[in-house]
Amino acid sequence: MNSSVTIKLNRNDLKFSAAHFTIFSATEREKIHGHNFYLEIQFTAGVGDNGIFFDYRKMRKKVQSLCKKLNEKFLIPEQSDYLNISRNSDTQTVDLTFNKQKMTLLSDDLVFLPLKNITSEELSRWFLIELTRNKEELKENKISNICASISTTQGHRTQSEWKDHSNEK
């Protein structure tokens, strides 16, 4: 029988705390602030002949590692059209210029993400990109769907979804 099962990982260790600001336009942005971000990752995959889904502990560890990378950092959107980023290797600092205002920050405090903005929409999409990077692993584990949900408060959750379309005709 071909069947699939969905497992949701919503654990206390799938979280990170980070600072950011959201950019609304060339002249408007939020002030720097921080959030506690909570993740829920959902995997749908086929059940093997042995009655086992797949060893989702590996995926959980991958998510934990991604959270650790972001934890206690200031998240910077590398692809923003409105933010100029200048790295100073001599001083181990980074200058961020937004709307002719410059702030200088320590490099060690920053994580640069290949995103247009630092929002829950973009962060949930980033987690999906990272989790679906290894196509062989997805195929080997018969993973057909992944949902990454991120929240900063109860009642507000953003979800991005990846579906494997390789078996569709």
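Biologist: How many aromatic pairs are there by your rule?

Modeller: The count comes to six aromatic pairs. Rings of Phe, Tyr and Trp (its six-membered ring) pair if their centres lie within 6.5 Å; planes under 30 degrees apart are stacked, over 60 edge-to-face, the rest tilted. This is a predicted model: local features need pLDDT of at least 70, side-chain atom pairs pLDDT 80 or more, while totals for chains, interfaces and linings use all residues. Residues are numbered from 1 along each chain as its sequence is written, and side-chain values use heavy atoms, without hydrogens and water.

Biologist: What makes W126 buried?

Modeller: Its relative accessibility is 2%. Buried means under 20% relative accessible area (exposed is over 50%, partly exposed in between; 1.4 Å probe, protein chains only), so W126 qualifies. F127 is buried too, at 1%.

Biologist: Why is α2 called largely enclosed?

Modeller: Because nine of its 12 residues are buried. Among them are L123, W126, F127 and L131.

Biologist: How do you know that the charged end of R87 sits over the ring of F112?

Modeller: The distance from the ring centre is 4.0 Å. The rule asks for NZ of Lys or CZ of Arg within 6 Å of the centre and within 35 degrees of the ring normal. R29 likewise sits over the ring of F21, with its charged end 4.5 Å from the centre.

Notes. Helices (H or I, at least four residues) and strands (E, at least two) are DSSP runs, numbered from the N terminus.
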